Amino acid sequence: MDIDYARIGRLMTLSKGRTHDPYERFTWPERIPEDQPWCSEDLLTTYGTPYQDQLDAGQRVRLSKWEAVNFFSLNVHGIKGVLGFVSRCIYEPRYADVSEYLHVFMGEENFHMWYFAKACLDYAGKIYPAIQLQGPEQADSPELEDLYMFASTLIFEEFVDYYNHKVGTTEGITDILKQVNYEHHVDESRHVSFGREMVPRLYRLALERSADPEATRADVDRMVTSMFRYFISLMYNPAVYDDADVHGPLGFRNGHAMRNALRAHPARKAVHEQWFKRSAAFFGKQGLVAGLDLAAL
């Protein structure tokens, strides 16, 4: 499967047509209302469980704030990693035909990192540290290393875009947060389109250069499945429940206990499937995974 250069050209045109000064794009209020939610209630990690009904309105607003800070922080750390990777590979011969778009991509991602960090620091006073649940395995070849980076980036982009689109189109969300989420959704839709061009290409290249294509297929299946599991787990940050001060009222001794209960709650399996089904369908169609069961992750 070759790159669709007409699509890449359209992405370039769309990006250039939306060029703006990111530092002037939004009017940042000095503070935001304490009684307005930062995200819709169906994005809370208590959603679908009995714990949601046990939270009063104020607790839900506090939880929405720190859930949003978690998602913004994930964006900050995720973008840092992607920028590091792209800046290393942008002039490699295998990316010569898309290097111009990679420049556009890096510029837009840098802007995204800035305004997500600004929202965290201005309105919550901190960015959550990066969470390493499990270190990535060493890839067997440069082609696989690149594939895993692009695959994880694509899954992450679609993961956060689900959140961004919902918040950016939901009434009642604090206006600046709604604007930031919607802006990211619009830009990220182009990045997702680009990632969906690159992943099949890199997968094909890894198989072509593998001494044992079947073993490579099995390794890719296992690694991509673990990526989905990893990103599902990132939804549940114990610091969120501590900062929102909701673990005690719900009967948990600390945020870690609440995190573990929510991560394993049967009602959350349907949420995971809804959140990641589009990505899972793409990776299945391209042959990177076979029979991926999101509910089992």
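Are phenylalanine 71 and tyrosine 163 buried or exposed? Both residues are buried, that is, under 20% relative accessible area, where exposed means over 50% and partly exposed lies in between (1.4 Å probe, protein chains only). The model is predicted, so local features need pLDDT of at least 70 and side-chain atom pairs count only at pLDDT 80 or more, whereas totals for chains, interfaces and linings use all residues. Residues are numbered from 1 along each chain as its sequence is written, and side-chain values use heavy atoms, with hydrogens and water left out.

**Figure 1. Confidence along the chain.** The average pLDDT (the predictor's confidence in each residue, from 0 to 100) is 90 for the chain, and 92% of the residues score at least 70. Confidence is lowest in helix α1 (residues 5-17), with a mean of 66, and highest in helix α9 (residues 238-243), at 98. Helices are DSSP runs of H or I with at least four residues, numbered from the N terminus.

**Figure 2. Helix α6.** The 27 residues of helix α6 (residues 142-168) should span 39 Å at 1.5 Å a residue, and the 38 Å between its end C-alpha atoms agrees. The expected span is 1.5 Å times one less than the number of residues. Helix α6 is mostly covered, with 21 of its 27 residues buried.

**Figure 3. Aromatic pairs.** The structure holds 25 aromatic pairs. Rings of Phe, Tyr and Trp (its six-membered ring) pair if their centres lie within 6.5 Å; planes under 30 degrees apart count as stacked, over 60 as edge-to-face and the rest as tilted. Phenylalanine 71 and tyrosine 163 are stacked, at 4.3 Å centre to centre and 10° between the planes. Because phenylalanine 71 lies in helix α4 (residues 57-89) and tyrosine 163 in helix α6, this pair ties together parts that are 92 residues apart in sequence. Phenylalanine 156 and phenylalanine 159 form an edge-to-face pair, at 6.1 Å and 65°. These two phenylalanines are 3 residues apart in helix α6, which means a separation of about one helical turn, and both are buried. Ring pairs link a cluster whose members include Phe71, Phe156, Phe159, Tyr163 and Trp275.

**Figure 4. Lysine 118 and tryptophan 28.** Lysine 118 lies over the face of tryptophan 28, 5.3 Å from the ring centre. The criterion is NZ of Lys or CZ of Arg within 6 Å of the ring centre and within 35 degrees of the ring normal.

**Figure 5. Cysteines.** The structure holds 0 disulfides, a disulfide being a pair of cysteine sulfur atoms within 2.5 Å. For cysteine 120, the nearest cysteine sulfur is that of cysteine 39, 13 Å away. Cysteine 120 is buried, with a relative accessible area of 1%; cysteine 89 is buried, at 4%.
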